[in-house]
Amino acid sequence: MTEESTALYVVATPLGHLGDMTARAIEVLRRVPWVAAEDTRHSAPLLKHYGSRARLLTAHQHNEESAAEQVMARLSAGESVALVVDAGTPAISDPGARLVARVRAAGHRVVPLPGACAAIVALSAAGLSETHFLFYGFLPTKAGQRAQVLRELAPLPWALVFYEAPHRILDSVAALAAAFGPARTVVLARELTKLFESIHSCRLGEAHDWLLADADRQRGEFVVLVSGAPAATDNAEGERVLALLLDEGLPVSQAARLAQAITGAGKKALYQMALRARCVANGKEEGAT
């Protein structure tokens, strides 16, 4: 190899299209004697395609500690190792972080090779206007935990990036709409770089029905991107609707929740507005008596 010392090479592999492998990554895989792979059955054909004769070690989320010991033994013997996952970049919502940490702590060299990452690929084609984004990855599978996470994320002004499996996509989209309101933009990026790639943009309130309209739209691995919460200065419509609801005598929390669902404005900001408006109204009533 062109590098001077033995190292663990963190190698990004294609999401689907085999032409997306970098020349440097191919060269590394051809020259290292060992590859630590998330699923050796998946990686073996990939290595063969690129002309690699490396021997395989298993390194998945359930054996990272023991896999790290095997990798460090090879490195200590002067043999370089490449780390790969089934698709994309290791340690990004995939195994690898703990293994890399152990290798670095032991003083071995770690060399990252840039390449495919589903979150970045989806962002590049999403057309969202936010300058900043937050990558969250997979949401909790349990409904209560997922709802709590989304409540915490709802006020953030940045584009939000999630990964989701096909069998959970309907539940996740419904939870996003419930937490963020129907007005925010969602981009559903599916099967990226593969034959049936699709990138669909709509309002959150429309996404569930769009997925239900065609079973094929629910297939494949998803990147789900949601636009950020509107800035406080953009909440004029939310404030207008909130005022109407308060005038009808609705409680503060209910008025704020409904105004957020109708307009997509930030719930926290609406709740604070409702509290202030109710305090002002109560003060006027007291002064009039």
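How many helices and strands are there in the chain? In this predicted model, the chain holds 11 helices and 10 strands, where helices (H or I, at least four residues) and strands (E, at least two) are DSSP runs numbered from the N terminus.

**Figure 1. Overall dimensions of the chain.** The C-alpha trace spans about 90 × 45 × 30 Å along its principal axes. The radius of gyration, taken over C-alpha atoms, is 24 Å, whereas a compact globule of 289 residues would have a value near 19 Å, by the rule of 2.2 Å times the number of residues to the power 0.38.

Figure 2. Among contacts (heavy atoms within 4.5 Å) with a separation of 6 or more, 69% are made by residues 24 or more positions apart.

**Figure 3. Close-up of Ser172.** Ser172 belongs to helix H7, which covers residues 169-180, and is buried, with a relative accessible area of 3%. When residues up to four places away in sequence are not counted, Ser172 touches Arg146 and Glu164.

**Notes to the figures.** Residues are numbered from 1 along each chain as its sequence is written, and side-chain values use heavy atoms, with hydrogens and water left out. Because the model is predicted, local features need pLDDT of at least 70 and side-chain atom pairs count only at pLDDT 80 or more, while totals for chains, interfaces and linings use all residues.

Key:
Buried < 20%, exposed > 50% of the residue type's maximum accessible area, 1.4 Å probe, protein only.
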